[in-house]
Amino acid sequence: MSLVTILPFIVLIGAMFLMTRSAKKKQQAAAAMRNDMQPGSGVRTIGGMYALVKEVHDDMVLLEVAPGVHAAYAKNSIGAVLADEEYNRIVNGDDGHDDDLDLEGTLVPDDASSLIDADSASEGSKIDLGKKPEAVSDEPADAKADTDTESADAEAEAKSDATSEVKAGGKREAKTDGEADAK
């Protein structure tokens, strides 16, 4: 056998060794973290729940999930032991600073009318909503309305003729707009 044939197997075995070694280190670090838990520590479970440690046993931990509410968890279900500052920041919303926020300059309007400039609102100008004015034609408005009505009547009549033709057994070449296939 040549070295070229054996080399891929050696590389594969080396990669597997390195991956298992790093995984073992992570497991050992997690076990050490769980063993160093003390009553009163803030923890996060692997499910994402934050709680305080009340009692630590060999394979079990008693957690206070809410004031006066205790729950027993497996020690392996603890995802992280948190520092006191971090636990208080997350659970109680404390940011660790006692500074009061300066809210004097921040105003939230009650309605949208206060968001526009007073000058532009007083001018009374119309807002362009993207509609284009109708083209001016030579016909008066009444004549144009009559033309629109006549074209709508002619279209409706054509549809009814096509429908009666189909009912009578004749074949139609194409459908008009708005018609669906009858099955």
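**Briefing: surface, fold and two residues**

The protein exposes about 15,500 Å², with carbon and sulfur atoms supplying 55% of it (areas here come from the Shrake-Rupley method with a 1.4 Å probe, and for residues only the protein chains shown count as cover). This is a predicted model, where local features need pLDDT of at least 70, side-chain atom pairs count only at pLDDT 80 or more, and totals for chains, interfaces and linings use all residues. Numbering starts from 1 along each chain as its sequence is written, and side-chain values use heavy atoms, with hydrogens and water left out.

**Fold**
- You get four helices and five strands (DSSP runs numbered from the N terminus: H or I of at least four residues for helices, E of at least two for strands).
- Starting at the N terminus, the order is α-β-β-β-β-β-α-α-α.
- Of the 183 residues, 10% count as buried (under 20% relative accessible area; exposed is over 50%, partly exposed in between, using a 1.4 Å probe and protein chains only).
- Take the contacts (heavy atoms within 4.5 Å) between residues at least 6 apart in sequence: 35% join residues at least 24 apart.

**The N-terminal end**
- Methionine 1 sits in the segment before α1 (3-35).
- Methionine 1 counts as exposed because its relative accessible area is 88%.

**Serine 77**
- Look for serine 77 in the loop between β4 (69-74) and β5 (78-82).
- Serine 77 counts as buried because its relative accessibility is 14%.
- Setting aside neighbours within four places in sequence, serine 77 is in contact with Thr45 and Ile46.
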